[in-house]
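Hi everyone, thanks for coming.

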Amino acid sequence: MRGSHREEDAPSVRIVVVQPPDHGPRVARGLEALAGRATLEIVHDARRCLARCDAGEVDLLVLDARRRAEAQSVLAATARSGGPPAIVIEPESDDARVLAWYRAGAADCVTAEEVPKRLGAAVSEQLARDRARRAVRGGDLGLAGNREVMEQLNSALLVVDLEGRIVYANPTAEQILGAEGSLHGADAGKRFRAGEDQEPLLLRTLRAGERFKGAEALVTRADGSSAPIGISCAPITSPEGRRSGAVAIFQDLSEVTQRRSHALQTEKLASIGQLAAGVAHEINNPMGFIHANLFQLAEYAEDLQRVWGRVEALRRAAEASDPGAVRDAARALAVASEESDIDFVLGDLSKAIRESQEGSERIRHIVQDLRDFSHQDTGERVFADLNQCLDSTANIVWPMMKHVVTLEKDYAELPPIGCYPMQLKQVFMNLLVNAFQAIEEVVGESGELGTIALSTRIEGERVVVAIRDTGVGIPAEHLERIFDPFFTTKRVGAGTGLGLSTSFGIVQGHGGTLSVESEPGKGTTFRLSLPLDAEPPAAS
Amino acid sequence: MSRERPLILLILDDEARILSALRRSLRREPYEIFTAESAVEARRVLETEAVDLVLSDHKMPGITGLQFLEEVAARRPEAVRMLITGWTETIDPNAVEALGIRAVIAKPWEDAALKETLRMAAKELGAGAGPAA
């Protein structure tokens, strides 16, 4: 049903709901409370939705994410063009997926299960925020008329003058900032920081007019503690174009941060599962022949004991100087030797032991590789050898791919790089496993081995790690989406769809970039570029 | 046609140490054993020898055991085909059935179970091909 409510006298907001034409979560029902205040239009495809957005006819989008790709493309398009805020309805009650929508730019995310309870409130919240933003943009801060709206906001709203002193803070801002009394006139300029050594965000806005949208930062609370927040800042300019202050809208991200670490953990577990399967198999082969050899060696021992018994009997007969007994014992020895095939046993004994030793040596190596790979990570930034990180990761995933891949390495000499090694190894592993799977698809058809080429280079002030494969390649239409959370073309169970988005996040967190080039049928190259650190490694 | 000769067993595995250990396990069994470290070598044996039993690894460079056994089924349908692998859980049982594979043996193998599986296979072979020697 196409729902459309309108009352002539109310300032009506325009909400567009994008959902598949079949029965889904009862979005319209969840929005009943808004009847009279909003017009609601339900569309079934992204194109129509984006056309409405482009025409500036939409105040808020509600995206039913049962069609993930469509919801992602709408989100990406509106984020690019500064379109209306979007609330995503996630079909699954899964924290990782919800978090991914926030990361993809959703203003809010409600699971299908929560729709009856929470959708109405979420929409009101977004509309209030939007109104507040516009009111502030309006010029004279518009405080009088919109005060009520601002007080009701679940988001924190802060207005500061040119010196960074607080002109207005709504109750949510007071709560997050942890103020005991009024914040009016307090200095807020230095309270929002995106990084240790960076100029505080509000000061940047006040000084240079910089705008931030959904930046992640830490806020210093009144008691000196800090909390993670997502913050948008914009300068306020008078109608004559003079800068008169700044406005900041922020949300407490403590919960979201927890969700994110949960999602990262999920992804890590998926990688570890893959890793464990590969390692298990690599150990299994030498185990196979050691196990069989030990069984045979036990038989050889029995054979030798039997023959040795005859040798003892022969010695006793010889000592008793009984020629008849000696002759019998010698014959018995010959028979036993023959039965046990003792010549073969003696020849094969040392061979079986040597081969088993080789096998156990191989297992020892595998365990050593595992140790190198998981080398006690303190979770702190350290200076590490990227070539070694790449090598130890390749060693670990090698067993699962050696049947279809030849590995080429071309490393430059690199200085130690300041990084979180375990995180980078996780990125390398994701990229290597993807490369392997891309090759596996080709090899399945042709039977020829593929190539994965690893290279490291110094290019100016950056280190560039390239991982190239001769796999199937990525079609152009997928290329721009491969870093999106949950975007996957792998069969169910083969990938979480989080590998590349997690990798992207990790590389970004290192101040680096992750890029991709691909040609279907030829192969794919991922390039990871990290800043060379000027800091010398700490003396140990 | 008499069956005085021992049964011919072809074993294919890309891991030489596995071949060596299998030979050891089966040294007292009544088979004439040919081993191959690659499908190319194994094909050569198939061409020159009247192979009765084939035991193949699964994950190998460039070819899987299932693919190789499919080839054997086409070239020498009377040979009994078996798989020996550490990846038993990834083998599609439907493919095993479709290709008429007699047994899938897990690595590491139990000595007695391996011998018994081969004996059973040999017995059926004897029954199918007329009275065994």
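This is a predicted model: local features need pLDDT of at least 70, side-chain atom pairs count only at pLDDT 80 or more; totals for chains, interfaces and linings use all residues.

Let me start with a sheet in chain A. Six strands make up this open sheet, in the order E7-E6-E11-E10-E9-E8, and the pairing is antiparallel. At its edges sit strand E7, residues 166-169, and strand E8, residues 192-193, each of which pairs on one side only.

As a quick reminder, strands of a sheet pair through backbone hydrogen bonds, and they can do so in parallel or antiparallel fashion.

Now let's zoom in on one pair. How many bridges join strand E10 to strand E11 of chain A? There are nine, between residues 226-237 of E10 and residues 243-252 of E11, with the two strands running antiparallel. If you want a spot to look at, find A:Pro235, which stands opposite A:Ala246 in E11(A).

The sheet also has a helix across it. Helix H8 of chain A, residues 201-208, lies across strands E6, E8, E9, E10 and E11 of chain A. Relative to E10(A), H8 runs at about 10°.

Let's step back to chain A as a whole. The chain has 540 residues, and 36% of them count as buried. Its secondary structure comes to 15 helices and 18 strands. Taking contacts in chain A between residues at least 6 apart in sequence, 63% join residues at least 24 apart.

Next, the largest nonpolar core, which has 45 residues. Among those with the most contacts inside this core are A:Val397, A:Phe428, A:Leu432 and A:Ile467. Several elements of chain A give two or more residues to the core, including helix H9 (254-319), helix H12 (386-401), helix H13 (421-446) and strand E16 (462-469). Which element gives the largest share? That is H13(A), with 13 residues.

Let's pick A:Phe428 from that list. Leaving aside neighbours within four places in sequence, A:Phe428 is in contact with A:Cys389, A:Leu390 and A:Thr393.

Finally, a word on chain B. Chain B has five helices and seven strands, and along the sequence they follow the pattern β-α-β-α-β-β-β-α-β-α-β-α. Of its 133 residues, 36% are buried. For contacts in chain B between residues at least 6 apart in sequence, 57% join residues at least 24 apart.

That's my tour; I'm happy to take questions.

Terms used: Residues are numbered from 1 along each chain as its sequence is written. Chains are lettered from A and ligands numbered from 1 in the order in which they are written. Helices (H or I, at least four residues) and strands (E, at least two) are DSSP runs, numbered from the N terminus. A residue is buried if 20 or more other C-beta atoms lie within 10 Å of its own, exposed if 12 or fewer, and partly exposed in between; C-beta atoms are placed from the backbone. Two residues are in contact if their C-beta atoms, placed from the backbone, lie within 7 Å. Two strands pair if DSSP finds at least two bridges between them. Axes are lines fitted to C-alpha atoms, for helices over the stretch in contact, and angles run from 0 to 180 degrees between N-to-C directions. A nonpolar core is a set of buried Ala, Val, Leu, Ile, Met, Phe, Trp, Tyr and Cys residues joined through C-beta atoms within 7 Å.
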